[in-house]
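Okay everyone, thanks for coming.

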Amino acid sequence: EWRAGKEQEEMDLSVEAARQHAQALLEAEQLGTVNYDEHLVNAHLSYRKAASLYAARDRPLLAGALLVELADSIANELNRYDEATEFYVEAIAATRDAVAVTEKLNVHSKLASCRILAGDFEGALGAFLHLARLCKEFAGEEGGSTAFYGDMLRQCDIVVVLLLLLLRPGSEERV
């Protein structure tokens, strides 16, 4: 019991440190200081440590959620989409063994959308195709009875068509 309390305390402290590093990262960017990269590395290492503590205690969703938190901050508050995609990829790896399907799909969706914002249309196409494949796979596991997977699959199909049109040779001449 004492050991479990210490483990929880260590996880809590690691999460708090990670969030403080993320806050310093956001402040460094807003102030335009030269320490941005240093704060990014520190935030990443802190979030990774906290995530690994959760993963070691068989809590992959919490591990992935921490990495998504960092990626969301970088993407939404700093508009640094290339950097955010790296953290979404790590979050996907962290949640690979999780059983919560909707959370896994959410992370894949965030990665795919972030790749579009980063201008990586080929990467986004691959991510949306993978997301569509996951939707089909999960819908099959649940008997195909949930409308959620169908809705997400239709959204993926629409974005895939638009990305294919965008990536079609000669499309930049028509824009």
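Let's start with R57, which forms a salt bridge with E10; the closest N and O atoms are 3.9 Å apart. Keep in mind that this is a predicted model. Where do R57 and E10 sit in the chain? R57 is in the loop between α2 (36-56) and α3 (60-78), while E10 belongs to helix α1 (residues 2-31), so the pair links distant parts of the chain, 47 residues apart.

Okay, next pair. R80 forms a salt bridge with E29, and here the closest N and O atoms are 2.9 Å apart. R80 lies in the loop between α3 and α4, and E29 lies in helix α1, so this pair ties together parts that are 51 residues apart in sequence. On accessibility, R80 comes out at 27%, which means partly exposed, and E29 at 26%, which means partly exposed as well.

D151 and R154 meet through their side chains in a salt bridge, at 2.6 Å from N to O. Both residues lie in helix α7 (residues 147-167), and they are 3 residues apart, about one turn of the helix. D151 has a relative accessible area of 40%, so we call it partly exposed. And how many salt bridges does the count come to? It comes to 8.

Let's move on to the helices. When two helices pack, we describe them by the angle between their axes and the distance between the axes. Take helix α4 (residues 81-94) and helix α5 (residues 101-117): their axes come within 9 Å and cross at roughly 160°. Over 145 degrees counts as roughly antiparallel, so that is what α4 is to α5. The crossing of the two is left-handed.

Who makes the contact? From α4 we have Y81, A84, T85, Y88, V89, A91 and I92. From α5 it's V107, H108, K110, L111, C114, R115 and L117. What kinds of residues are in this contact between α4 and α5? They split into 10 nonpolar, 2 polar and 2 charged.

Conventions:
Residues numbered from 1 in each chain as written. Predicted model: local features only at pLDDT ≥ 70, side-chain atom pairs only at ≥ 80, totals over all residues. Heavy atoms only, no water. Axes fitted to C-alpha atoms, helices over the stretch in contact; angles between N-to-C directions. Helix = DSSP H or I, 4+ residues; strand = E, 2+ residues; numbered from the N terminus. Parallel < 35°, antiparallel > 145°, perpendicular 65-115°, else oblique. Left-handed = near helix turned anticlockwise from the far one by under 90°. Contact = heavy atoms within 4.5 Å. Nonpolar A, V, L, I, M, F, W, Y, C, P; charged D, E, K, R; others polar. Salt bridge = Lys/Arg side-chain N within 4 Å of Asp/Glu carboxyl O. Buried < 20%, exposed > 50% of the residue type's maximum accessible area, 1.4 Å probe, protein only.
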